[in-house]
Amino acid sequence: MTRTTRLWTPWLLVAPALLWLGVFTVWPSVNTIRLAFTNAKPLGGDAEFVGLRNFADLLADDQVWGAILNSVVYLLICLPLLTLLPLLIAVLVEKPLRGIAFFRTAFYTPVIASAVVVGLMWTWMLDDRGLINNLAQALGVLQGPLPFLTDRWLVIVSATSLTIWKGLGYYMIIYLAALGNVGRDLHEAAAMDGAGATRRFWSVTVPGVRSTMTLIAILVCVSSLRVFSEVFILTGGKGGPGGQDATIVMLIQQYARGFYGDLGYASALSILLFLLTLVPLLVLARVNAKANA
């Protein structure tokens with residue numbers, strides 16, 4: 001094999017992946033930045049350079065600030081619950097008990113279910129005449145139906161509940177892999193020192209999976225700020241009355257489509273979403289670096 005062949009062979013092997021990355025990731029990202037400074041339309045036409053006008057407009061748009069608030073609230077609900085609950089479940093199903101495989105499968109099943117099917121199922125349960133309201137009224141817990149699908153904050157709570165229920169099994173599997181690296185001898189030593197199950201959990205298990213917790217927290221942050229399907233399906237694609245329950249991604253989708261869409265404004269919203277997502281990621285990276293120092 002000649003020196004030239006040795007030099008170019010690795011690049012030829014990774015060329016398909018690089019081509020895919022360039023066409024579907026790098027170029028769309030660069031093009032989004034370019035479009036954010038124009039008044040481009042979804043169906044083409046001459047796009048004029050407008051400078052920072054799109055960014056000034058979105059910062060003065062009350063709907064954008066409402067979508068940011070909805071996305072941040074969504075994140076604040078999902079982050080602690082999807083970071084800790086899957087770890088607790090993983091600790092429970094890790095034990096080699098008879099029939100434990102059934103519970104592992106039961107917790108993981110929602111992960112592989114279609115988001116659309118799950119969303120429609122929850123819509124049916126949370127409707128004013130749905131299962132939950134009918135059951136609560138039959139038991140005398142409620143006098144009238146709760147507006148799970150029309151009230152702004154109840155929609156957010158309903159959507160986060162769907163996200164948490166569907167994501168528990170996925171993050172549980174990641175924690176199960178991490179728990180295999182936590183030495184049994186540490187638990188045995190802590191137990192000999194008189195530490196109970198709760199104390200061993202916080203003093204042995206949590207430190208042993210800290211890096212995995214950071215990874216999961218990052219995944220939850222990204223998915224929570226990019227939430228779309230849950231709110232879209234529960235509200236019928238309208239983001240609640242007047243769009244008050246819309247998330248940032250829903251606004252991007254609304255502005256980027258249709259004959260009268262504003263692709264430049266949608267691109268500016270996409271950049272805002274990227275910057276907003278970057279904040280918790282940098283915070284988590286900083287916290288993890290300090291914990292490992």
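Which residues in helix 5 meet which residues in helix 6? I will come to that after a word on the model.

This is a predicted model, where local features need pLDDT of at least 70 and side-chain atom pairs count only at pLDDT 80 or more, while totals for chains, interfaces and linings use all residues. Residues are numbered from 1 along each chain as its sequence is written, and side-chain values use heavy atoms, with hydrogens and water left out.

Now the answer. W124, M125 and L126 of helix 5 meet L131, I132 and N133 of helix 6. Contact here means heavy atoms within 4.5 Å. Helices are DSSP runs of H or I with at least four residues, strands are runs of E with at least two, and both are numbered from the N terminus. By class, this contact has five nonpolar residues, one polar and no charged. Nonpolar covers Ala, Val, Leu, Ile, Met, Phe, Trp, Tyr, Cys and Pro; charged covers Asp, Glu, Lys and Arg; the others, Gly among them, are polar.

Helix 5 spans residues 115-126 and helix 6 spans residues 131-138; they pack at an angle of about 30°, with axes 4 Å apart. The axes are lines fitted to C-alpha atoms, for helices over the stretch in contact, and angles run from 0 to 180 degrees between N-to-C directions. Helix 5 and helix 6 are therefore roughly parallel to each other, a label for angles under 35 degrees; over 145 is roughly antiparallel, 65 to 115 roughly perpendicular, and the rest oblique.

On to the whole chain. It has 13 helices and zero strands. The C-alpha atoms fill a box of roughly 80 × 75 × 35 Å along the principal axes. Of the 293 residues, 37% count as buried, meaning under 20% relative accessible area, with exposed over 50% and partly exposed in between (1.4 Å probe, protein chains only).

The largest nonpolar core has 62 residues, and V64, L87 and V209 touch the most other members. Such a core is a set of buried Ala, Val, Leu, Ile, Met, Phe, Trp, Tyr and Cys residues joined through side-chain atoms within 4.5 Å. Leaving out residues up to four places away in sequence, L87 touches Y175, L179, F201, T205, V206, V209 and M213.

Last, the cysteines. How many disulfides are there? The count is zero, where a disulfide is a pair of cysteine sulfur atoms within 2.5 Å. The sulfur of C78 has its closest cysteine sulfur in C221, 10.0 Å away, which is too far for a bond. C78 is buried at 0% relative accessibility, and C221 is buried at 1%.
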